[in-house]
Every structure is written in C-alpha cells, then in structure tokens.
Amino acid sequence: MEGVSVRKIKKICVFCGANSGKDVAFVNAAFHLGEVLGKRKIDLVYGGGKLGLMGCVSTAVAQHERQVLGIIPSAFTINNLVGETCGKEIKVATMQERLVMMMELSDAFIALPGGFGTLEELFQMISWAQLSIHNKPIGVLNINGFFNGLLSFVDHAMKQEFITPRARKILISATTADELVDKLQAFRFESDPALSKLKWSPSSSQKEKLDLTLRL
C-alpha cells in the first residue's frame, strides 16, 4: 500500500450468520478473519453469542488476545438462546439500539456470509453512509462467490440509476481477509454534496445520539 494514505482502524464490526452455512469454507474464512484482526491488533465488535460464524470470528479474535465486544438485545439472552459472548457484553433493548451502538463504537464494518439479519445490518450501514450519518468503510468478504449475486444486483441498480456511482463506491468487496482490511484502511469517503448538508438531531436528554429514523 505504498503511497496510499492509511486509515487508522482500531475496531471492526463484523456482521455474519448465527449459522455456519453449508460450505465449510465459510467457517474457515470466519476463523481466518478473526486471526487477521488479531494479528493486526484490531478489536472486534459483533452481535454477541457464540453461534455459527459469529462464534467462529469472535473466538479467533479472543485467542489472539484482542478485545471482543458483543452487543446483544436482551431478548436473545433469555434461556441462553445464543450462548455466551466471547468477551465483554452489552445488552440493549432493541435491534435498532444495537445497530446504532455498533455504528458508534466501530471504525469499519465487514459482512461475512449470513441471512436476512446480516443483509439488513449491511445495507443499513450503507444507507447511513450514503446519508452522511457516518463516513466509515464497509466491505463484504466474498467467500467462494457468496456475494456475487448481491454485488451484481447492486451494479444493476446503479446501471438503472437507482444507485449513484458515488454511492456504489461505499460498498467494498474482496475475496481474502487481508485484502479486505487493506481496502478498508485505504478507503476515502466521498459524500454526496446535497446529502452531506443534512442535519441529524442529537437527543436533549441523553448523551448525544443520532436521529436515525429516516429510511431509504
């Protein structure tokens, strides 16, 4: 990355499945991502628990003696539904509160293979970046072409002029963990001149928080 200005990333939030998936390559990649984060001295923020790929990546990060923070809705902790979080745990009341806290506490975001929840978290972060609510890099680890269809759809939406070329640059992809982290560190946010003028109202009764009620 010679000649490229590198963004300082201390904490990465990983979105991924609470299942392991059909292909063992997903599990191996989740463990390897955790190892890469650990070796690069990057801490992990994730959704808590120890199920599926979430458990794989958090275990690997913890084994490399980096901090692991699980942010989990209280409803998931009833009857030990998702297992014990590997590291510190913060309980929140709602899914929305969870996502806001993830955004505030992380320097970048990575999505591994997962289902509807993973996709919702990924696209929420992308839409918030488009609205200049944050300017943090977002990427998918495209293991064995898992995200090929999604990336093709996003490119199709851009060609049909529902997504601007500027906004398309928000979503980064790579096939290896090291390449993806390198791309996240090299990312330079390019805000939309109109959307960057939006004002997001802080709460008057609590620590400053963003009003994230707008949906695309």
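Below, each label is set against its cut-off.

Mentor: Keep in mind that this is a predicted model. Start with the helix pairs.

Trainee: What makes α1 and α2 roughly parallel to each other?

Mentor: The angle. Their axes cross at roughly 30°. Angles under 35 degrees count as roughly parallel, so α1 and α2 get that label. The axes come within 7 Å, and α1 passes α2 in a right-handed crossing.

Trainee: Which residues make the contact between α1 and α2?

Mentor: From α1, they are Phe26, Val27, Ala30, Phe31, Leu33, Gly34, Glu35 and Leu37. From α2 come Leu53, Cys56, Val57, Thr59, Ala60 and Val61. By class, that contact has eleven nonpolar, two polar and one charged residues.

Trainee: Why is α1 called oblique to α8?

Mentor: α1 and α8 pack at an angle of about 50°. Roughly parallel needs under 35 degrees, and roughly perpendicular starts at 65. The angle falls between those limits, so α1 is oblique to α8. Their axes are 9 Å apart. Here too α1 makes a right-handed crossing, this time past α8.

Trainee: Which residues meet where α1 packs on α8?

Mentor: His32, Leu33, Val36 and Leu37 of α1 meet Ala177, Asp178 and Val181 of α8. The classes are five nonpolar, one polar and one charged.

Trainee: What makes up the contact of α4 with α5?

Mentor: α4 brings Gln96, Arg98, Leu99, Val100 and Met103. α5 brings Glu120, Glu121, Gln124, Met125 and Trp128. That gives five nonpolar, two polar and three charged residues.

Trainee: Now burial. Which residues of α8 are buried?

Mentor: Ala177, Leu180, Val181, Leu184 and Gln185, in a helix that spans residues 177–186.

Trainee: How do you know that they are on the same side of α8?

Mentor: They cover an arc of only 135° around the axis, which puts them on the same side. What they pack against is β1, α1, β5, β6 and β7.

Trainee: Why does Val27 count as buried?

Mentor: Val27 has 18% relative accessibility, and buried means under 20%, so it counts as buried. Val27 is in helix α1. Leaving out residues up to four places away in sequence, Val27 touches Ser20, Leu53 and Cys56. The C-alpha atoms of Val27 and Cys56 are separated by 6.7 Å, with the two residues 29 apart along the chain.

Trainee: What makes Met54 buried?

Mentor: Its 13% relative accessibility, which is under the 20% limit. Met54 is found in helix α2. Beyond four places in sequence, Met54 touches Cys16, Gly17, Ala18, Tyr46, Gly47, Gly48 and Arg98. The C-alpha atoms of Met54 and Phe15 are 7.8 Å apart, for residues 39 apart along the chain.

Trainee: What is the phi of Lys41?

Mentor: About 60°, a positive value, although Lys41 is not a glycine. Most residues other than glycine have a negative phi.

Trainee: What about Asn144: buried or exposed?

Mentor: Exposed. Its relative accessible area is 59%, over the 50% cut-off. Asn144 is in the loop between β6 and α6. Its phi is near 50°, a positive value in a residue other than glycine.

Methods:
Residues numbered from 1 in each chain as written. Predicted model: local features only at pLDDT ≥ 70, side-chain atom pairs only at ≥ 80, totals over all residues. Heavy atoms only, no water. Buried < 20%, exposed > 50% of the residue type's maximum accessible area, 1.4 Å probe, protein only. Helix = DSSP H or I, 4+ residues; strand = E, 2+ residues; numbered from the N terminus. Arc of directions from axis to C-beta. Contact = heavy atoms within 4.5 Å. Nonpolar A, V, L, I, M, F, W, Y, C, P; charged D, E, K, R; others polar. Axes fitted to C-alpha atoms, helices over the stretch in contact; angles between N-to-C directions. Parallel < 35°, antiparallel > 145°, perpendicular 65-115°, else oblique. Left-handed = near helix turned anticlockwise from the far one by under 90°.
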